[in-house]
Amino acid sequence: MNIDPTLFRHSRGRPLDSYPTRWRDLPKAEQRLAESVGRLSEIQERLWADNRYAVLLIFQGMDTAGKDGTIKHVTSGCNPAGFQVFGFRQPSAEELDHDYLWRYWRALPERGRIGIFNRSYYEEVLVVRVHPEIIEQRPLPHEHVDEVFWAHRLEDIAAMERHLWRNGTRVLKFYLHLSPEEQRQRLLARLQNREKLWKFDPSDLEARDRWDDYQRAYQAALDETHDAHAPWFVIPADDKSTMRAVVSEIIATELERLDLHYPTPPRDDDGWVDAAVERLRSS
């Protein structure tokens with residue numbers, strides 16, 4: 001599978017709205033997903049054994065883009081002990097008394113593990129940017145929430161991801177690119193299915209009314225924080241099977257580039273392995 005078209009290019013060359021929200025049907029998408037998940041399962045074990053790197057996967061997208069389902073399918077078949085999945089709700093009073101990145105630092109994965117952020121610190125330059133009244137209500141030593149304010153936040157995030165890369169955490173970021181029409185259909189489906197109704201939030205409609213504002217916020221975020229050491233991938237999200245297959249392929253391919261190895265076993269010059277085997281057999 002060619003994953004290059006999903007790699008973000010800065011808006012100077014390709015604006016976000018020029019990326020497709022749907023690819024032509026991907027042949028054998030479910031089979032491709034299963035194959036990639038199998039690769040990821042083996043890579044995950046080597047990541048744990050190698051113990052030099054951590055991996056952080058970030059999923060962002062508009063409501064109903066499919067973040068939960070993608071995470072579920074991509075991690076299926078892998079060892080749950082090797083994953084840490086976090087979803088971030090409104091910050092607590094304790095979290096608000098720290099800098100805005102504090103609660104995300106606390107959730108970062110250890111070496112040998114894969115951390116998944118279902119939404120992330122990017123909400124602080126997406127939702128909060130579209131709704132600046134959120135910032136106005138926080139006890140911060142700022143005077144104006146202007147373009148300079150947001151530029152500084154994006155600089156902070158880029159610096160954080162550069163620091164993580166230098167210290168062995170590999171960051172992969174996925175923007176699940178959904179069309180307004182597909183979102184409309186999914187929201188209607190939730191409202192008309194009593195088993196899915198619990199997932200509907202009236203605020204989803206408010207966010208939908210600000211669609212263009214959110215797209216501009218996403219454009220700025222991707223423009224300022226995409227880098228080779230922390231790349232963004234723009235994933236067509238209108239077809240869930242294709243989306244999941246593409247995401248799993250990207251993760252497996254990128255992790256294989258880490259050149260992970262199992263530790264070299266200790267020398268057996270004095271025959272201790274055979275001695276241990278014989279001791280166990282006779283016990």
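**Briefing: chain and pockets of a predicted model**

In the protein chain, 81% of the contacts with a separation of 6 or more join residues 24 or more positions apart, a contact being heavy atoms within 4.5 Å. This is a predicted model, in which local features need pLDDT of at least 70 and side-chain atom pairs count only at pLDDT 80 or more, while totals for chains, interfaces and linings use all residues. Residues are numbered from 1 along each chain as its sequence is written, and side-chain values use heavy atoms, with hydrogens and water left out.

**The chain as a whole**

- The protein chain holds 12 helices and 5 strands; these are DSSP runs numbered from the N terminus, helices being H or I with at least four residues and strands E with at least two.
- Its C-alpha trace spans about 70 × 50 × 40 Å along the principal axes.
- Of its 283 residues, 49% count as buried (buried is under 20% relative accessible area, exposed over 50%, partly exposed in between, with a 1.4 Å probe and protein chains only).

**The largest pocket**

- The largest pocket contains about 1800 Å³ of space. A pocket is an open set of points on a 1 Å grid over the protein atoms alone, where a 1.4 Å probe fits, with protein on both sides within 12 Å along at least five of seven lines; lining residues have an atom within 4 Å of a point. Volume is the space filled by probe spheres set on the points, which are joined across faces, edges and corners.
- Its lining has 46 residues, and Asp63, Lys67, Arg119, Asp201 and Asp204 lie nearest the centre.
- Among the elements giving two or more residues to this lining are helix 2 (67–75), helix 8 (180–191) and helix 11 (240–256); helix 9 gives the most, with 4 residues.
- The lining comprises 16 nonpolar, 11 polar and 19 charged residues (Ala, Val, Leu, Ile, Met, Phe, Trp, Tyr, Cys and Pro are nonpolar, Asp, Glu, Lys and Arg charged, and the others, Gly among them, polar).

**The second largest pocket**

- The second largest pocket has a volume of about 240 Å³.
- It is lined by 16 residues, with His98, Asp99, Tyr100, Leu140 and Arg153 nearest its centre.
- Helix 3 (93–96), helix 4 and helix 7 (147–166) each give two or more residues to this lining, and helix 7 gives the most, with 3.
- By class, the lining has 7 nonpolar, 3 polar and 6 charged residues.

**Pro265**

- Pro265 sits in the loop between helix 11 and helix 12 (272–282) and is exposed, with a relative accessible area of 62%.
- The C-alpha atoms of Pro265 and Phe117 are separated by 35 Å, the two being 148 residues apart along the chain.
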